[in-house]
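Here are a few friendly notes to read alongside the model. Take them one at a time, and keep the 3D view open as you go.

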Amino acid sequence: MWKSDKSSPPSPSQASQPSLAPVPNPGPTAAPVSPNRETRAHEPAPKPVDSFRAEVGHIGKSVFVKGELSGSEDLYLDGEVEGSIDLRNHSLVIGPNGRIRATIHARELVVHGKIDGNVNVSERVELRKSSSLVGDISTQRIVIEDGAFFKGSIDLQKEAKPEQRKTVSAAPGATNGVSLVAAGHSSFAE
Amino acid sequence: MRWFRGAGENRPKTASAAGVSQRIRRRSTGFTEFTRSLSGSKELSILDLGPTSAANISFLTGYGGRAYTEDLLRSSANADYRKKVEGSEVLDVEKFLVDNLNHPEHFFDAVLCWDVFDYLDESLVKPAAERLAQIVKPKGVLLAFFHTQDAGPDYPYSRYHIAESGALELEPTREFGLKRVFNNRHIEGLFKGFSSVKFFLARDHVREVLAVR
């Protein structure tokens with residue numbers, strides 16, 4: 001299995017931290033259009049997006065996981081996953097080398113790599129320009145950068161009720177981290 | 001139909017090589033009629049066959065239902081759908097339609113084709129139109145654009161974005177080359193699975209077609 005090096009904070013390698021600055025308008029003569037416009041079910045006042053916390057789980061590009069991946073912390077995933085990913089109350093970033101063939105549940109999702117599977121994100125999905133997502137998306141808000149490839153359907157959900165947004169407390173004895181239930185196949189390249 | 005020789009294979013180029021340029025605003029009678037036919041309806045299922053556009057998704061999700069997007073042209077250029085026949089590479093239409101435009105019958109309330117039919121591989125044009133007739137609901141609408149004979153083979157391929165005002169914004173690229181120009185009779189034949197076809201001729205050599213299933 002893979003080893004989490006907690007002695008030094010994991011860095012997202014070459015991928016930049018998720019930036020939420022809008023893409024500039026295409027040109028002076030073009031009509032004012034914001035290609036990075038956020039689409040949401042309602043039109044409430046914009047909320048500040050949670051910044052990506054420093055303590056983040058990290059799965060590097062050489063790691064391949066086949067099975068169920070779940071966790072109780074934010075995760076930066078730059079490897080390959082086949083199966084399902086469950087980070088319902090946390091953020092997930094798919095790095096540029098990420099290749100995901102799985103169903104994803106998360107609170108927030110930022111995609112730089114490739115996803116083939118359905119996505120259920122309670123708050124916000126961001127598809128960056130290098131991303132490719134084939135599958136159905138269910139979320140409250142979505143941001144798609146120019147250049148991103150998306151094939152599937154989008155279902156914008158209404159805002160969840162307050163009682164549904166409480167952080168799920170860890171089970172007794174469990175520790176923060178990412179757990180893997182591998183269906184017998186994990187590999188990494190040296 | 002009028003064919004263009006040397007329009008080249010439909011191989012998508014990178015954005016930089018494709019020469020992405022500024023957006024051009026364009027009013028569209030056809031699109032106005034399209035949105036008018038949907039007004040008052042809710043929870044619609046609408047399919048956009050153009051390139052992924054945040055603006056379009058934002059607009060279409062405003063109808064409350066699900067917005068579907070499939071970049072039909074780019075997908076058809078995928079090497080996975082090529083097969084060798086008598087030494088030359090052709091599109092495997094059967095395999096393509098297994099993975100694309102694969103939706104239940106009478107599923108969509110509306111479809112936006114933009115001008116994709118002018119750029120599609122010849123072998124896919126008729127099967128795609130037939131598939132669309134199957135997956136659009138009765139009374140559902142389809143909007144498609146066709147270039148007129150004044151457009152040459154170098155006419156740029158454009159990504160269509162729906163602006164907030166309901167107008168369209170074209171983002172010309174060189175990603176794909178114009179393959180053909182349809183005449184009215186060919187367009188009517190293409191949409192023979194639809195009960196009515198209405199034409200709107202625009203000043204920029206585009207024939208806008210609104211078909212009702």
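1. Start with helix α1 of chain B, residues 29–38, where B:G30, B:F31 and B:F34 are buried (20 or more other C-beta atoms within 10 Å of a residue's own, with C-beta atoms placed from the backbone). These residues lie on the same side of α1(B), because they cover an arc of only 95 degrees around the axis, the arc being that of the directions from the helix axis to the C-beta atoms. Helices here are DSSP runs of H or I with at least four residues, and strands are runs of E with at least two, numbered from the N terminus.

2. A word on the source: this is a predicted model, in which local features need pLDDT of at least 70, side-chain atom pairs count only at pLDDT 80 or more, and totals for chains, interfaces and linings use all residues. Residues are numbered from 1 along each chain as its sequence is written, while chains are lettered from A and ligands numbered from 1 in the order in which they are written.

3. What do the buried residues of α1(B) pack against? Their partners are β7 (108–114), β8 (136–147), β10 (168–173), β12 (196–201) and β13 (206–212) of chain B. Just after α1(B), look for B:G40, which takes a positive phi of about 90 degrees.

4. Next, find strands β5 (residues 82–85) and β6 (residues 88–91) of chain B, which pair in the antiparallel sense over 4 bridges (pairing requires at least two DSSP bridges). B:K83 stands opposite B:V90 in β6(B). The hairpin has 2 residues between the strands, and B:E86 takes a positive phi near 50 degrees there.

Technical notes. A residue is buried if 20 or more other C-beta atoms lie within 10 Å of its own, exposed if 12 or fewer, and partly exposed in between; C-beta atoms are placed from the backbone. Two residues are in contact if their C-beta atoms, placed from the backbone, lie within 7 Å.
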